[in-house]
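Hi there,

Here is the structure I promised to pass along.

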Amino acid sequence: MGKQAFDQRAALLNALNTKGKAVVPPPKKEQKQEPAKQASKGQGKRRKDAEDEPPPKTKKDLEEEQQKHLQEKEQERRQFYAKEEAKKLSENKGADASVTYVEDKDTRKPKAISDISDYWKVDLGLLPFMPSDNVGALEELPEDLDPAARLEYLQLFSKQLERLLRMKFHIFWSQVLYDPQLSRCLDSYLRFCYRSHDLMGADQDALEARAAMAGAQAAEEEEYATKEISRRVLQLLVRLSRPQESSHDYISHDKFAQIIYEKHIFDVPKLIDICTIYGDTNRNTVTKMVHSIFTHQSLFKDEFNSVVQHMLDGLLQCCAPLRNASKGISEANGISLEECLTFLPDILCCFNAIFCFFPEDCVEKLMSGGLEAEGPDSSRGSSGAAPDLPLADLMVLLHDASCALRKTSSEASPDVLDGINKMVSRLLSCVLAFRLAPRKGVGAFDELLEWLKEQCDRTALLADLRRHGLENVAMEWLASGLVDDAQLDYLDEVCGGALLPKEARQSKQRRPAAAGPASGSASRPSAAGTSSSSSSKPRAAAATSGSDAAKIREVREVVGEGYGEGFLLQCLLHYGGNVPTLVGAILDNSLPPQLAALPIGLSIREEIAATNSAQPSEQPGLSSEDKKWIFAQAGRQDAEEIIEADEYDDDYDDAEGLGVPKLAAGAAGSESEGDDSVDPDAESDEDTGRQQYGQDRGRGGRLKGMGKGKQSKGPVQGQTIQARRKEANKASVANHNRRDAAARKMGRGMM
């Protein structure tokens, strides 16, 4: 028995055993060895692919990939916005109907925003304009007002207006519609800003002393800031009055009319304030603005009609204290004389603005309003004024009261009264110019002379009229060509002095002389009426240009000197001589196509030349040589037709045309050519139902080959005479006529 193998487990158990018996360890478990797996078919390839895998990306590689991805996304975003912008330009919708795509802050995805929306509004921080913010204020400034703080406010206000004017079109209108601070600031400025008449009677020494206390540099900065604010507010108002700034930046007509009316961007009081503030120094700009607003929104005219009577009543109420004070009458009720002298210049300035800048129908409505003045001198007969000028009556009475108050009372400042007389004279001249203008006819000049002669006792009134406004009326009559030098001299005599300078009269005399004898003879209506028929049209054109010269001049004052007199004359003829309508059409680019096609620089000479060249001749028709040529041509055509008929008639004997007698018997004689003497063209109108006679005739002279129920057709429209005759005579030489010719030959042979 061999030696047993040493078992380490048994030795360990016996060493730890205390019982003295040997312990046999448990048998070992046999471990089954699994057979080695054979490599599958694609395992080697996968192992090879795993060995070919790239190494893991580094942090730098990941950052580069991320940056590249962001750049691609940014490029896609820019392409999308560029595509939408190009689409927006191609559609060319108004700002009220178009949208702009912007990036949402939360989702960072594009979203459509209306072009006019509160999304575009920004906080400008505009503050209202107060009376104390006027530089050179007449009233005492508040004690707590710091001149440095006022200067800071004026400079800030100017910068805010500049920022507003620099905005894009749709952002500008969004700011206007959705920023209540802007509307409040603009309204306050139009309300409290100084007018030109507000400085009447101001104490210049006090103003200079106040400016010296503030400092020379601060005074200059305040004056500069005030001018900049005034200029930018005017630019803001002009931009608000225009619905279109370019071909792509515009608001539709209906939407613009709705916005300016419902949002109270403009109204009649605001328009009057604009005219009183800027009318004297920016006449053309203010006229364009006012006419544009009335053209786009006709409801403003209805609004004006509703306030006319209130304006007239306010004027009458404000004039009463002045008239009573001139007579020494004091009334406890009503406004005082001081209040009257404060408010009256504002009211007169408003009336002057309406006459100078508002449309003609608004002025007509103002003139048709009623003025029921009280008192013994308010009757029209005692005042001596024309019965159709109630407003002129009140102005005459107001001027008399102002002059009397200046002589008797020391309460009112003479400068204030002089300013009132000046505005009264201007308003009275506007009334006379509207009612007694050249467009009313030659009789209006006689009415003007009669009215002035009735005021001959009021020398102060006539003197003020000569200096303030009546010269414009005389210039309009001079430009019309309806009055001569003798009538203008008489007008100067009635007014007590020359209304127009000599240069104006001389330049007017040189102008017709240079235009030629036609225009000179047409300057008077009597001369134009006795002109001969050969030159009546050129003279009528010259007379028309002379009568419309005042309107042309008025239009050019508004639209500019770039428009020629001939172009404006054609426009006036189209609009019936209505100056406001023409001005509105030119400013709004709404002229009809036939006028828009004319060159705007067309002069009167070019217009007359074009008119004369377009006139038909006095004896229209063909000359004698043309008639001879036409008759000869017709004769040759007839001869060619006869020759052509002979050439086709090849079935007859040659002797037939030499007078050989024909033999026919019975009814065949009616079918022969014995009716050759009948005129082939003697065809009656088919509508009359009469029989037609010609070459291709049958029994009874009726046409042959027509078929049952058919009638002869007339000449085809556009068919020549030769073609018509050929069509009518083709049956005489056709094949079906050979039978008759053969029968006649047989008859002669049998004979």
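The residues that line the second largest cavity divide into eight nonpolar, no polar and no charged. Here Ala, Val, Leu, Ile, Met, Phe, Trp, Tyr, Cys and Pro count as nonpolar, Asp, Glu, Lys and Arg as charged, and the others, Gly among them, as polar. The lining consists of Phe157, Leu161, Leu182, Cys185, Leu186, Tyr189, Val233 and Leu236. Helices H4 (147-165), H6 (180-192) and H8 (216-240) each give two or more residues to this lining, and H6 has the largest share, with four residues. (Helices are DSSP runs of H or I with at least four residues, numbered from the N terminus.) The volume of this cavity is about 50 Å³, and the search of the whole structure finds two cavities of 30 Å³ or more. A cavity is a set of points on a 1 Å grid, over the protein atoms alone, where a 1.4 Å probe fits but cannot get out; lining residues have an atom within 4 Å of a point. Points are joined across faces, edges and corners, and the volume is the space filled by probe spheres set on them.

Before you read on: this is a predicted model, in which local features need pLDDT of at least 70 and side-chain atom pairs count only at pLDDT 80 or more, while totals for chains, interfaces and linings use all residues. Residues are numbered from 1 along each chain as its sequence is written, and side-chain values use heavy atoms, with hydrogens and water left out.

Next, the cores. In the largest nonpolar core, of 118 residues, Trp173, Phe266, Leu315, Leu348, Phe355, Phe358 and Met395 touch the most other members. Helix H13 (residues 337-357) gives this core its largest share, twelve residues. A nonpolar core joins buried Ala, Val, Leu, Ile, Met, Phe, Trp, Tyr and Cys residues through side-chain atoms within 4.5 Å; buried means under 20% relative accessible area, with a 1.4 Å probe and protein chains only.

Helix H28 (residues 579-587) is largely enclosed by the rest of the structure, because seven of its nine residues are buried. Among the elements covering them are helices H11 (283-296), H14 (360-367), H26 (549-559) and H27 (565-574).

And the cysteines? The search finds zero disulfides (pairs of cysteine sulfur atoms within 2.5 Å). The sulfur of Cys318 has its closest cysteine sulfur in Cys340, 4.2 Å away, which is too far for a bond. Cys318 is buried, at 3% relative accessibility.

Best wishes

Methods
On a 1 Å grid over the protein atoms alone, a cavity is a set of points where a 1.4 Å probe fits but cannot get out, and a pocket is an open set with protein on both sides within 12 Å along at least five of seven lines; lining residues have an atom within 4 Å of a point. Buried means under 20% relative accessible area, exposed over 50%, partly exposed in between (1.4 Å probe, protein chains only). Contact means heavy atoms within 4.5 Å.
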